[in-house]
Amino acid sequence: MLRKILATVGTRYVIAALNLALMLINSRVLGRHDMGVAGVVFASANVAVMLASVLCGNTIVYFMRSKRLSVVVSAAYVWALVGSGVACGTMAAVGMLPTGLGGVVFGLAVLLSLVNVHLRVLLGWDRIRAFNAVFLVQGAGLLFVLLGLYYVAGLKNLGGYMRGLFLTNLAAWAVSLVLLLRGVTRPKGGLSVKAWLRDTSEMFRYGLWSSVDNLAENLSARLNYFFLQHFGGYGSVGLLDVGTRVSESLWHVSHGVSFIAYSEITRATEAERRRLTAVRLLGPTVAVLAVAMGAVLCIPEWVYTEVLFTQEFAGIRDVITGLSVGIVAFGGNRILSHYFIGTGRVRVSAACSLVGLVLLCVAAAVLVPRWGVTGAAVASSVAYVGMLTFSIVVFLRITGTKVMELLPDPVSIVRRIRARRQG
């Protein structure tokens, strides 16, 4: 498991380094306003992806061992279109979609959802190398595609950026489809429409709670963009988006660990092994995130405004400081959230995300009008800390775990690493 975690986290940090280079380029090519528009488009697409994840997310991993893969994947493909359409229609009705970009948001949401379908199948098969390869295409590909569009095709504008997003994710879809098809075997016997509908209905009931969880979690992370757009405009959103992306680059640690943890937990049959997987990974993950965030907070403002970005992004360090505690808390919560989902307690994870969403709305309503961009960042931290607190309390209660077990033990970690090397 350690080797898988290191490979996954390593892949994500290669992508993070390339994304940093991409942010530097975009800050000069697009500027603060267009980066704000791009941030809202991507946030809107991710909201739609969360609704599509009813059948396109972790539901796939949970059911692919008990249902036919053809049923799981075909149902996911259908719902990628339907769910994205419902989400975009709802956002348009309440005025959340950027003017004139509704079709872009819908198309991007469908494409991202289909890539997620393939990724979840690869994860369920424990094909971590293939899983990481698709992420690499998604993350690294965008930089090189945009370099071509910006400096070869001359599309140095928001339209060029949108084209790059579509081309890169289309490539990720194609690559992941090829990797998926290589592992598919032809099923024996046919399947009636009635049986397909029955299985899809069962998946939908499970996935609905998972989607509530994902949607609430995503809104907890991005709803402050829409609050800020209302009070401060796209320029303020652009500053928040850059500060958020710099801070969230640390999540590559927790995301990589949580994906592997989820795969291990869903494949384990003993409750104690599932519990220990979460316990052993939570403390070290939080510790690594805390140290990394401490290092980021030591970077002075002038590095961002004079070396990395431009003076247009003055104030980015205040954004990162406001997000700092929440970034660490949310990273830890990812481990516990995947434990709840992997053990079938999707409603617990959904309740946690709803707690975070409520806290974000209350905090943003108070802080954004007063403090602007910094208030939006602090509101996110309030939500993330509330989510982690809720998850820890529930985890301790349902598993009988002692609080001290959740704290990282450096000695035992070193011993386990040495034992693996000797073995």
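L250 counts as buried, at 7% relative accessibility (buried means under 20% relative accessible area, exposed over 50% and partly exposed in between, with a 1.4 Å probe and protein chains only). The model is a predicted one, in which local features need pLDDT of at least 70 and side-chain atom pairs count only at pLDDT 80 or more, while totals for chains, interfaces and linings use all residues. Residues are numbered from 1 along each chain as its sequence is written, and side-chain values use heavy atoms, with hydrogens and water left out.

L250 lies in the loop between α9 and α10 (251–267). Helices (H or I, at least four residues) and strands (E, at least two) are DSSP runs, numbered from the N terminus. The C-alpha atom of L250 is 8.7 Å from that of A16, although the two residues are 234 apart in sequence.

Two packed helices are described by the angle between their axes and the distance between the axes. Axes are lines fitted to C-alpha atoms, for helices over the stretch in contact, and angles run from 0 to 180 degrees between N-to-C directions. For helix α2 (residues 31–56) and helix α9 (residues 234–248), the packing angle is about 70° and the axes are 7 Å apart. The two helices, α2 and α9, are therefore roughly perpendicular to each other (angles under 35 degrees count as roughly parallel, over 145 as roughly antiparallel, 65 to 115 as roughly perpendicular and the rest as oblique). The crossing of α2 past α9 is left-handed, a term used if the near helix is turned anticlockwise from the far one by less than a right angle, with right-handed used if clockwise. On the α2 side the residues that meet α9 are R32, H33, M35, G36, V37, G39, V40 and F42, and on the α9 side they are Y234, G235, S236, V237, G238, L239, D241, V242 and R245. Contact means heavy atoms within 4.5 Å. The residues of the contact of α2 with α9 comprise 8 nonpolar, 6 polar and 3 charged. In this classification Ala, Val, Leu, Ile, Met, Phe, Trp, Tyr, Cys and Pro count as nonpolar, Asp, Glu, Lys and Arg as charged, and the others, Gly among them, as polar.

The crossing of α5 past α6 is left-handed. L112, V115, L119, L122 and L123 of α5 make the contact with I128, A130, F131, V134, F135 and Q138 of α6. The contact of α5 with α6 has 10 nonpolar residues, 1 polar residue and no charged residues.

Q138 is placed in helix α6. The relative accessible area of Q138 is 18%, and the residue is buried. Apart from neighbours within four places in sequence, Q138 is in contact with L112, V115, L119, T168, N169 and A172. G102, in helix α5, counts as partly exposed at 25% relative accessibility. G102 and N26 are 76 residues apart in sequence, and their C-alpha atoms are 22 Å apart in space.

The crossing of α13 past α14 is left-handed. N333, S337, F340 and I341 in α13 meet V346, V348, S349 and C352 in α14. By class, this contact of α13 with α14 has 5 nonpolar, 3 polar and no charged residues.

Helix α13 (residues 316–342) also holds G322, which is buried at a relative accessible area of 12%. Not counting residues up to four places away in sequence, G322 touches A377, V378 and S381. The C-alpha atoms of G322 and A130 are separated by 36 Å, and the residues lie 192 apart along the chain.

For helix α11 (residues 271–297), the 27 residues should span 39 Å at 1.5 Å a residue, and the end C-alpha atoms are 39 Å apart, which agrees. The expected span is 1.5 Å times one less than the number of residues in a helix. Buried residues in α11 include R275, T277, A278, V279, L281, L282, G283, T285, L289, M293 and V296.

T399 is found in helix α15 (residues 373–399). With neighbours within four places in sequence left aside, T399 is in contact with R275 and Y339. T399 and E272 are 127 residues apart in sequence and 8.7 Å apart in space, C-alpha to C-alpha.
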